Amino acid sequence: MQFMTWINRFTALGPTFSAQVLPTPLPQPSWVCRNFQLSHSLGLHPDWLENPEGLAVFSGNGLWEGMQAQASVYSGHQFGHWAGQLGDGRALCLGEYEGPQGPVEIQLKGAGKTPFSRMGDGRAVLRSSIREYLCSEAMAGLGIPTTRALCITSSPKPVLREELETASIVTRTAPSFIRFGHFEHFANEPAPSGPAHLRQLADFVIQHYFKDENFSTSNPYAELLAHVTSRTAKLIAQWQSVGFCHGVMNTDNMSILGLTLDYGPFQFLDGFNPQHICNHSDHQGRYAYGRQAQVAYWNLFCLGQALLPLIDDQDLAVKALETYKKVFSENWSQCFLAKLGLQVQEDEAAALEDQTLLNDGLEMLAKEQVDFSIFWRKLSHAAAKTDASSLEWQAVADLFIDQSAWVGWRDRYLSRLQSKPSEAAVKKMISINPKYVLRNHLAEAAIQKSKLGDHSEVETLFKLLQAPFDEQMQFDHYANLPPDWAAQIEISCSS
């Protein structure tokens, strides 16, 4: 393992940005899951996930030569309120290296206390580690920008949450884990150190993560805000199109690179309900599915406020932020029209007609809370059939109680497909509308088995979710409607 060159650029920023902390070892560690495919794509040595030395590192029992474990400091708004200083309370970056596709950070989540743990114990539990491991891979399989999980290690060590659970560490990777909250932290520090550190951080991010964007020298900080705004808008549109709900969209959980970050409480929709709240701790419904786009916009304004001392021009900052509405709207329409097998039309009247068809369809789904994933998948099979009485169209009809509403919308849709056909777009629906998503009850079943020492269901789900658009007919039952008990699953911030 000595031949890996660790560059540790964030550490080089200095002790103001992070604290060096040794991981707290897990006693009697064992492997739970290992992502060999990710390891290979990141250019890691194959022995990392095979030998006792790798197990030791990923369970907090040692470091390889050149690694510098560190926890970074950041602040943030949580549930709309300023929370002040936060930081990596249970995460430790082991180091950074240059991979085949660019920089890669390796981070342990659950490796013990840091200076930023506040009242926490710095540990993660098996339950939450499995959820992050599976969901980050599910998002990658869906083509949505995300952090990735390399492995999970576990230990008999008890950890107290709502009940006694098993300690675990999930090792996750990303080009960077820098968040909106990092900028908020230094923007709220007094002069002269705060503004100086804010500029240092912004220059660091531009130099290392946006170097291909050809920023102008006139106001690179306004351009940084514009690029982050665009990436975030595209990410939220993608989330919406697969029915994904992030349960804690605080500013400290928003990636400066536009990645899905921090899988705590999350959910893929079962029945389509824009008001659905996936986080049992979100009592006001701030992060409900239908509010995600507006919350992301609000979070970007917090980032803009933090960067304003560097931009030094309020009009430029507002201009950068205002691009969100257009980028989100265009990407949302593009994503959802593609789910219908349609392409965005240049003619305004035709485009409005398609948008109305889409909106009416979503309203119909919401009225009956039709299963989101199943509807789109069945529609993908039906759209290629011109005969509305075919078995494929009947399978979609069976999802609805109000048949008159369904038939009215179906006939409009079929008429649209036949009047302006796009065979390529219709064929592509199968590769856009997933058959398999990580439903809560599937994750829960895997977790319960793993708690008994059987990790086979985690492995099955993991492989299934890497190819969510493939039929994989032997796993058809994973694409069924959720059982009644699934509605009773409660996922909170401790998840």
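First, a definition: the expected span of a helix is 1.5 Å times one less than its number of residues. Helices (H or I, at least four residues) and strands (E, at least two) are DSSP runs, numbered from the N terminus. This is a predicted model, where local features need pLDDT of at least 70, side-chain atom pairs count only at pLDDT 80 or more, and totals for chains, interfaces and linings use all residues. Residues are numbered from 1 along each chain as its sequence is written, and side-chain values use heavy atoms, with hydrogens and water left out.

Now helix α5, residues 193-209. Its 17 residues should span 24 Å at 1.5 Å a residue, and the end C-alpha atoms are 24 Å apart, so the two agree. Buried means under 20% relative accessible area, exposed over 50%, partly exposed in between, with a 1.4 Å probe and protein chains only. The buried residues of α5 include Leu198, Leu201, Phe204 and Val205. What do the buried residues of α5 pack against? They pack against β6, β7, α4, α6 and α7, with contact meaning heavy atoms within 4.5 Å.

Next, the loop between α5 and α6, where Asn219 is found. Asn219 counts as buried, because its relative accessibility is 12%. Beyond its neighbours within four places in sequence, Asn219 is in contact with Ile311 and Leu316. A polar atom of its side chain lies 3.1 Å from the backbone nitrogen of Ala222.

Last, Ser41, in helix α1. Ser41 is partly exposed, at 32% relative accessible area. Its side chain reaches the backbone oxygen of Leu38 at 2.9 Å.

Notes
Polar contact = N/O pair within 3.5 Å; in protein donor to acceptor, adjacent residues only side chain to side chain.
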